[in-house]
Each structure stands twice: as structure tokens, then as C-alpha cells.
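Visitor: Please take me through the terms used for this model. I would like to see each one set against its definition.

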Amino acid sequence: EQPTTEQPTTEQPTTEQPTTEQPTTEQPTTEQPTTEQPTTEQPTTEQPTTVEPVIEYYVQGPTEWTQGSGDAPEYVIYPGSDFVEVTVNGDVVDSSNYDVVDNGDGTSTLTFKSEFVDSLEPGTNTVAFALTNNRSVEISVNVAEPGEEGTTSEDTTSATGEDATSATGEETTTTAGNSGSATSDSASGSTSSGAVQTGSASMAIIILLVLVSATAGIYFFRKRRDD
């Protein structure tokens, strides 16, 4: 057997190349200053709110009826659709004694017939208009006999709101007012006339006394001078 010759292995030396680290340069970051814009708050002006009074219901009409004149008293009711019935002195008036007309604006007009007016007792009568929800409006009406004078029926009466359940109109007495005025004027005239007459008498007496004194003075002055 041939001897085997092992060839020696020669290890080549490895040369490590040095690594050069490149220095890293950090760029400085510049922060831009932020400017906050001031916020201006606009003042808010509150507009005043006006609260309009709410009229819930009312009745308007004359406060005097005259019998035998053919008058047919009219009353405006609001809301007209809420009208239930009408009473006079607590008695319900039959619907045949009045007419109710829708005015188209939320109101209704109730017109009493003249025959019904003539059938009432003269004097003060309470007329009550009943509405829904237990509401009512009462008006004190003076029923005058035919030919009766001394009052006017120009006043109207109305009641509004939940708490207004009755209203009474005032009667204006023109005859009494004129009579009172005439009496006052007459009394004033008499007093004034008396004052003038008293003043004239007093003045006449004073003048007379002055004349007598002057005459007496002259007389005594001349008498002393002659002596």
C-alpha cells in the first residue's frame, strides 16, 4: 500500500477592513413660534321681549235698555264659539228671544228681541252670559220704562281673563248733573250779587262820613280864624 501523504493546509490570514463610522450630524430643528390670535367676543344684546296681554274672553254691549222703543240690544261675545246660554236675573232666556250671528272673526253677536226687552221688569237686571269651562260674564243692565229720561246707554261693559267673571257698567245721569250744575250756578250768582250790593252800601257810608268830617273841619277852622 502506498503511503498517503496529507498535504498541509495553509490557512490564509483574513484581514478585517476597519469600518469607519461616518459621524451623523443632527440638523437643529427650529420651532416656529405660534402666535395666538386674540378672540374678540362680540357682546350679545338681548332684545326685550314684550308680552302681549292675552284676552281669553269678553262680552261688550250697552248697560241700558229702553222699553217701547223697539231697540234690540246687541252684545259682542268672544270667543263666540264658547257661548252656551244667557240668563236674566238667574232665569235662562229661551233662545227664541234672541239671535246669535257668527261674525267670522272669532266673535259672535247676540241680539235680544225688542219684545223680550218689553217683557222685563223696569229697573236693574243682571244679565249673565255663560261660556264653556264654567266661565261667565255678568252685566248690570238698567231697563227703563217708555219715556223715562235721565240716563244714557253709551257705556259698554266687558270682562276679560280667567278671574273676570263679572263686570258692571256705570250709568251716567245727565238730568241730575245738569240740575246740580244749574243749582250751583244759581247759588253762586245769588252770593255774588249780594256781595256787590253790600260793598256798594259800605262805600257810600264811608264817602258820606268823609264829606261830613271835611265840612266840620272847614267850619271849625274858619270859626277859629274869625275869633
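Guide: Helices (H or I, at least four residues) and strands (E, at least two) are DSSP runs, numbered from the N terminus. Ile-207, for example, is found in helix α2, residues 174-226. The model is predicted, so local features need pLDDT of at least 70 and side-chain atom pairs count only at pLDDT 80 or more, while totals for chains, interfaces and linings use all residues. Residues are numbered from 1 along each chain as its sequence is written, and side-chain values use heavy atoms, with hydrogens and water left out.

Visitor: What does the secondary structure of the protein come to?

Guide: There are two helices and eleven strands. Along the sequence the pattern reads β-β-β-β-β-β-β-α-β-β-β-β-α.

Visitor: Why is Ile-207 called partly exposed?

Guide: Buried means under 20% relative accessible area, exposed means over 50%, and partly exposed lies in between (1.4 Å probe, protein chains only). Ile-207 has a relative accessible area of 46%, so it is partly exposed.

Visitor: What makes Met-203, Ile-207 and Leu-211 a nonpolar surface patch?

Guide: Patches are made of residues with over 30% relative accessible area and no salt bridge; like charges are joined within 9 Å, and nonpolar side chains (Val, Leu, Ile, Met, Phe, Trp, Tyr) within 5 Å. Ile-207, at 46%, passes the cut-off of over 30%. With Met-203 and Leu-211 it makes a patch of about 300 Å². Accessible areas come from the Shrake-Rupley method with a 1.4 Å probe, and for residues only the protein chains shown count as cover.

Visitor: How do you know that Arg-135 forms a salt bridge with Asp-82?

Guide: A salt bridge is a side-chain nitrogen of Lys or Arg within 4 Å of a carboxyl oxygen of Asp or Glu. The closest N and O atoms of Arg-135 and Asp-82 are 2.6 Å apart, so the pair meets the rule. The count by this rule comes to one salt bridge. Arg-135 lies in strand β9 and Asp-82 in the loop between β3 and β4, so the pair ties together parts that are 53 residues apart in sequence. Both Arg-135 and Asp-82 are buried.

Visitor: How do you know that β1, β3, β7 and β6 form a sheet?

Guide: Two strands pair if DSSP finds at least two bridges between them. Three bridges join β1 to β3, residues 74-78, four join β3 to β7, and five join β6 to β7.

Visitor: What makes β1 and β6 the edge strands?

Guide: Strands β1 (58-60) and β6 (98-102) each pair on one side only.

Visitor: Which residues are bridge partners in this sheet?

Guide: Among them, Tyr-58 partners Tyr-78 in β3, Val-76 partners Thr-109 in β7, and Asp-102 partners Ser-108 in β7. In the hairpin of β6 and β7, with five residues between the strands, Gly-104 takes a positive phi near 80 degrees.

Visitor: Why is β7 called mostly covered?

Guide: Five of the five residues of β7 (residues 108-112) are buried. Ser-108, Leu-110 and Phe-112 point one way, and Thr-109 and Thr-111 the other way.

Visitor: What order does the open sheet of five strands have?

Guide: The order is β2-β9-β8-β4-β5, with mixed pairing. Nine bridges join β8 and β9, five join β4 and β8, and two join β4 to β5. The last pair just meets the rule, because at least two bridges are needed. In β5, Val-92 is the bridge partner of Thr-87. Asn-89, in the hairpin of β4 and β5, takes a positive phi near 55 degrees.

Visitor: What makes a set of residues a nonpolar core?

Guide: A nonpolar core is a set of buried Ala, Val, Leu, Ile, Met, Phe, Trp, Tyr and Cys residues joined through side-chain atoms within 4.5 Å. The largest one here has 22 residues, and those with the most contacts inside it are Trp-65, Val-86, Phe-112 and Phe-129. Strand β9 gives the largest share, four residues. In soluble globular proteins, nonpolar side chains tend to be buried together.
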